[in-house]
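Colleague: Could you walk me through this one while I have it open? I would like to go piece by piece.

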Amino acid sequence: MRSHRRETTAAWILVLPFVVLFLAFTAGPVLGSFGMSFTDIKQRDLRTPFAVNGVGLDNYLKALSDETFRKAAFNTAYFVLIGVPLTLVVALAAAVLLDRGVKRFQGLFKVGYYLPVVTSIVAIAVIWRFVLAPEAGLLNTVLGWFGVDGPNWLASKTWAMPSLIAMAVWRNFGSAMIIFLAGLQGIPQTVEEAGQIDGAGPWQRFRYLILPLLRPTVLFTSVTTGIGYLQFFEEPFVMTQGGPLNSTISVSMYTYQQFGFGNYGLATSMAYLLFVVIAVITFIQFRLLREK
Amino acid sequence: MRRTWWIYLIAVLGLVAVAAPFVWMLLGSFKTQGELLRVPPTWLPEAPTTQNYDDLFGKANFPRYFFNSTVVALVVTAGNLVFCSMIGYALAKLRFRGRNALFVLVLATLMVPGMVTFVPLFVFVTNAGLANSYPGLILPFLVSPFGVFLMRQFFSGLPDDLMDAGRVDGTSELGIFARIMLPLTRPALATLGILTFLGSWNNFLWPLVIAQTEDKYTLPVALALYSTGQNAQNYGLLMAGAVVVVVPVLVMFVVFQRHVTRGIAITGLK
């Protein structure tokens, strides 16, 4: 009954629209970007992208020896190394709180915590610029109640990056929380009951029973969050434009600036350097997951 | 009982921290410029005014941006529903050469940073004459690896017996897909639809470079340019603009939230 040929024909009809769009708008550009990164293509070549000269590894060498690029790489690492653990801790705390403690109105809290995830970053920027404003800002007003004189957050070389990290945690913890909630709901109640019988307190039960069982979920969310945070772009773009004095410029942000200056070849080489880092981290993640 | 009250207290404090900026935005959009600049800031508007909204829809061209955002989001959503379910079904249920390679390719693109495709895509779309056009805004997003992954996972969970029954009845392969299997994926389609719509509505960087004249701006582009241009100090207008960008998707999200959270649980991805 099952005709192999008819099945293959149907499969190709179903696959075709995707493949065409995918080749034109994803696979093509990925390869195109790779090619461009070895040429001296600039904005003036926009209409004649094939009439450019190969320059070998020049763009990569230029990127790696560029002070601002190094600064951007440092900032991106700073953002990822502080931002990812913070986001996951807040997300896990919220998930445990909702799963084990909050039985009534659980849906309300879940939706509430998730709201920033579905909100436009541009709108968030408008709101947060007010929250972080030096004089009339919400945050400094609240700090003032406790006698703390808050700084001009976004104009400070020291505080601009922590402000953006706080904003990213606020904006993103909801997604990780939902994944943690799904993971927690997969852990049978009996595991905790067994711990309770053995006299383990709430923290011990969490630390030695729940957390080890959540390990795959934690690894997974840390890498998906990490991949997202490595591409850190929108927060500095809408809040600080990378300033003050490049203290919040990220690799993606600097790549975009180079694109804006018309240095297409240089921009693509920077994007590919980021790509390599992300690929390596993803690869390590898969290895870690497979071991378990 | 003793334990629960402080758990709720923490949960409520968390909710306040998350929601306070939204509430402030909404209240701020009804304040006058003078009140918005006051130190210390006020919570409730002292003399509530709709002036900011009148300006937004009168002097500024927000109805047009709203229309653009809606059109782009609807077409992108429709494209993802149709094309991702088609290939998702083929990857999950049909045997053909290259199936596994195709699936691995789709998965691999999930980790490609947006910046990698950005420059060549801009060059390509410009040379195709699609800059500053609706197709230029829409075409790059008509399919997504996330959508393919989601639909493939969902189709994989459906029994093969249904397809075999269709084959016995003489239904064509495409008929089996469209009339037997596709209707069963309604929950996954709802998830994909709402997530795609939200993503497209909030999409920012691509429309910013592709929409070059005001009549093609989407809402986030317009709001971003207003907040850096000559209206940067017109806080009331910006607050009202942010409300117009945020409120439609928040309402939509609250109504369909089950589908969103289930989609994340199925795929583990946003």
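Colleague: In chain B, what percentage of the contacts with a separation of 6 or more comes from residues 24 or more positions apart?

Modeller: Bear in mind that this is a predicted model. In chain B, residues 24 or more positions apart account for 75% of the contacts with a separation of 6 or more.

Colleague: And how many helices and strands does chain B have?

Modeller: Chain B has 14 helices and zero strands, and its C-alpha trace spans about 75 × 65 × 30 Å along the principal axes. Of its 270 residues, 44% count as buried.

Colleague: Moving on to the contact, how many residues does it take from chain A and from chain B?

Modeller: The contact takes 77 residues from chain A and 76 residues from chain B. On the side of chain A that touches chain B, helix H1 (residues 4-36) of chain A gives the most, with 21 residues, and by class that side has 53 nonpolar, 17 polar and seven charged residues.

Colleague: Which residues have the most contacts inside the largest nonpolar core?

Modeller: That core has 157 residues, and those with the most contacts inside it are Val122(A), Met177(A), Ile87(B), Leu223(B) and Ala242(B). Its largest share, 14 residues, comes from helix H7 (residues 160-185) of chain A.

Colleague: Take Ile87(B), then: what does it touch, leaving out residues up to four places away in sequence?

Modeller: On that count Ile87(B) touches Leu14(A), Val15(A) and Phe18(A), as well as Val148(B).

Colleague: Different topic. Where does the kink in H9(A) lie?

Modeller: The kink, of about 55°, lies at Arg215(A), shortly before the proline Pro216(A). Helix H9 (residues 202-230) of chain A spans only 35 Å between its end C-alpha atoms, whereas a straight helix of 29 residues would span 42 Å. Buried residues in H9(A) include Ile210(A), Leu214(A) and Thr217(A).

Colleague: Last one, the loop between H10 and H11 of chain A. Which peptide bond is cis, and what is its omega?

Modeller: The cis bond joins Gly243(A) and Pro244(A), with omega about -10°, and Pro244(A) lies in that loop, between helix H10 (234-239) and helix H11 (251-260) of chain A. Most peptide bonds are trans, and most residues other than glycine have a negative phi. Gln241(A), however, has a positive phi near 55°, and Asn246(A), which lies in the loop too, has a positive phi near 60°.

Colleague: Why does Gln241(A) count as partly exposed?

Modeller: Gln241(A) counts as partly exposed because it has 13 C-beta neighbours inside 10 Å, and Asn246(A) counts as partly exposed with 17.

Terms used:
Residues are numbered from 1 along each chain as its sequence is written. Chains are lettered from A and ligands numbered from 1 in the order in which they are written. This is a predicted model: local features need pLDDT of at least 70, side-chain atom pairs count only at pLDDT 80 or more; totals for chains, interfaces and linings use all residues. A nonpolar core is a set of buried Ala, Val, Leu, Ile, Met, Phe, Trp, Tyr and Cys residues joined through C-beta atoms within 7 Å. A residue is buried if 20 or more other C-beta atoms lie within 10 Å of its own, exposed if 12 or fewer, and partly exposed in between; C-beta atoms are placed from the backbone. Helices (H or I, at least four residues) and strands (E, at least two) are DSSP runs, numbered from the N terminus. Two residues are in contact if their C-beta atoms, placed from the backbone, lie within 7 Å. Ala, Val, Leu, Ile, Met, Phe, Trp, Tyr, Cys and Pro count as nonpolar, Asp, Glu, Lys and Arg as charged, and the others, Gly among them, as polar. The expected span of a helix is 1.5 Å times one less than its number of residues. The bend at a residue is the angle between axes fitted to the seven residues ending there and the seven starting there.
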